[in-house]
Amino acid sequence: ESMACALYIARHHGVADGVSITPANAAEDAEALKWAFWTITEIEADALTVLMHRVVMPEERRKPELAQAAEKRLSTPLRVLEQHLQAQAQRGRAHLAAERFTVADVCVASVASWVRPAAALLAQYPAVSSWLKVCLDRPAQAQARAMKGSKPPQRLHLPGQPQLAQRRELDALGQHEHGLGGHLLEQGPVNAGHHQTGVLAA
């Protein structure tokens, strides 16, 4: 439910000021919804398969053929993402839904980051690779990765500073999403559960 949470918080608790990750208008809101749903349906399952069978699972339980098949399937959605990012660049926009980093980037980059073990595949899509690096190099991402464990961030209470609390909470949630792949790497073998049935099948 992480994407639903991110979208909900951005829409109902964020500030639509054209600066934060919250969609500033209906067009940006539509883009955030589109890319969140696209990620879930088009790349999440195969990206998780790559992560699990290239890095996370014990080597003796990995099935390279599953990772290879997933990487082959990912070429189609990655090409779609590449073309969109190229089109955005021509419009002077460095991100998915706007000129700035928004919740749309949070939703997509959090899952696209799982494809990083397939370096040769990502190398075929330079716009995707550059965009993903920008997303993952954000200062808040580095701070989140420095935290221990994978416990989701708690609600922030900053008396007298409601907008600052909202901004920090949004960033924290986004970086929790970004860091999920990294936490999986640190934890070793895990049950993928709701992400994809059968990934850990023997």
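Is aspartate 29 buried, exposed or partly exposed? At 21% relative accessibility, aspartate 29 counts as partly exposed, because the buried class ends under 20% relative accessible area. The model on display is a predicted one, and the tour below begins from this residue.

**First stop: helices α1 and α2**

Select aspartate 29 together with arginine 11. Their side chains meet in a salt bridge, with N to O at 2.8 Å. Aspartate 29 belongs to helix α2 (residues 26-42) and arginine 11 to helix α1 (residues 2-13), so this pair ties together parts that are 18 residues apart in sequence. Arginine 11, at 44% relative accessibility, also counts as partly exposed.

**Second stop: glutamate 28 and arginine 100**

Next, select glutamate 28 and arginine 100. These residues form a salt bridge whose closest N and O atoms are 2.8 Å apart. Glutamate 28 lies in helix α2, whereas arginine 100 lies in the loop between α4 (64-90) and α5, so the pair ties together parts that are 72 residues apart in sequence. Both glutamate 28 and arginine 100 are buried.

Proceed to helix α5 (residues 103-112) and select aspartate 105. Which side chain of opposite charge is nearest to aspartate 105? It is that of arginine 138, 7.9 Å away. Aspartate 105 is buried yet has no salt bridge; a salt bridge requires the nitrogen and the carboxyl oxygen to be within 4 Å.

Select lysine 133 and aspartate 137 for another salt bridge, in which the closest N and O atoms are 2.6 Å apart. Lysine 133 counts as exposed, at 55% relative accessibility. Aspartate 137 is partly exposed, with a relative accessible area of 47%.

**Last stop: helix α8**

Finally, select helix α8 (residues 139-146), in which Ala140, Gln141 and Ala144 are buried. These three cover an arc of only 100 degrees around the axis, which puts them on the same side of α8. An α-helix has 3.6 residues a turn, so residues three or four places apart point the same way. Then turn the view to the face of α8 directed away from its buried side, where the exposed residues Pro139, Ala142, Gln143 and Ala146 are found.

Note on methods: Residues numbered from 1 in each chain as written. Predicted model: local features only at pLDDT ≥ 70, side-chain atom pairs only at ≥ 80, totals over all residues. Heavy atoms only, no water. Helix = DSSP H or I, 4+ residues; strand = E, 2+ residues; numbered from the N terminus. Buried < 20%, exposed > 50% of the residue type's maximum accessible area, 1.4 Å probe, protein only. Lys, Arg positive; Asp, Glu negative; His and termini not counted. Arc of directions from axis to C-beta.
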